[in-house]
Amino acid sequence: MRIGVYPGSFDPITKGHLDIIERGAKVFDKLIVGVLVNVEKKGLFDYSERVEMIKRVAKHIPNVEVKCFEGLLIDFMKHENARVILKGLRAVADFEYEFQMALMNNKLDPEVETVFMMTSGKYSYLSSTAVKQVAKFGGCIEGLVPDEIIKDIFLKIKRE
Ligand code: PNS
């Protein structure tokens, strides 16, 4: 079975992420979305909320699983019996950072490969950080994140 892992912070999931998940699910038999638990960096949503939101917006894709991981991605890969990391590339600006991570992960475990999927042009400017900023100042985030989580984002920001 071909298992892919799509790792990230997903704070929150954007339409760009969902686009990669939908397309990635066609390439792998099983695609695991791995939400990084970063104890040093408090996000807007906690990890269980991020996982729940991803599950909610990806429920139409039967071969997608959503899980949290802590520590090294490579250890999570081993635990899940996966050898392929899926990453989305938005622009040239992403390349250097992604290149470094792919090389580091391959150094840590030469059996692991990273494959990159180009983000759809319409989402190439999107990031979770930008979405949070727009929402914080009352801007419209329709079309940037899945409709099902727009309310969650505004509610969360209001409670901050
Ligand atoms: O959505 P993000 O924040 O760009 O995702 C980054 C992520 C989670 C893919 C990356 O930070 C990661 O893999 N962290 C786990 C720690 C790790 O394995 N580091 C070694 C590779 S440099």
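Ala, Val, Leu, Ile, Met, Phe, Trp, Tyr, Cys and Pro count as nonpolar here, Asp, Glu, Lys and Arg count as charged, and the others, Gly among them, count as polar. With that sorting in hand, the shell around the ligand in this predicted model splits into eight nonpolar residues, four polar ones and one charged one.

So much for the make-up of the shell; next comes who sits where. There are 13 residues around the ligand, and the ones that come nearest are Gly8, Ser9, Leu72, Leu73 and Asn105. Two of these can be followed down to single atoms. Ser9 brings a polar side-chain atom to 2.5 Å from an oxygen atom of the ligand. With Leu73 it is the backbone that takes part: a polar backbone atom of Leu73 is 2.8 Å from an oxygen atom of the ligand. On its own, the ligand has 560 Å² of accessible area, and the protein covers 72% of that. As for its place in the protein, the ligand sits in the largest pocket.

Which elements supply at least two residues of the shell each? They are strand β1, residues 3–8, and helix α4, residues 92–108. Helix α4 gives the most, with four residues.

The loop between β1 and α1 deserves a look of its own. Phe10 lies in this loop, and the phi of Phe10 is near 50 degrees, a positive value in a residue that is not glycine.

Side chains of opposite charge can pair when their charged atoms come close. Counting every side-chain nitrogen of Lys or Arg within 4 Å of a carboxyl oxygen of Asp or Glu as a salt bridge, the model comes to 13 salt bridges.

Key. Residues are numbered from 1 along each chain as its sequence is written. This is a predicted model: local features need pLDDT of at least 70, side-chain atom pairs count only at pLDDT 80 or more; totals for chains, interfaces and linings use all residues. Side-chain values use heavy atoms; hydrogens and water are left out. A residue is near a molecule or strand if one of its heavy atoms lies within 4 Å of it. A polar contact is a pair of N or O atoms within 3.5 Å; within protein, one must be able to donate a hydrogen and the other to accept it, and residues adjacent in sequence count only if both atoms are side-chain atoms. Accessible areas come from the Shrake-Rupley method with a 1.4 Å probe; for residues, only the protein chains shown count as cover. On a 1 Å grid over the protein atoms alone, a cavity is a set of points where a 1.4 Å probe fits but cannot get out, and a pocket is an open set with protein on both sides within 12 Å along at least five of seven lines; lining residues have an atom within 4 Å of a point. A molecule sits in a cavity or pocket if more than half of its atoms lie within 2 Å of its grid points.
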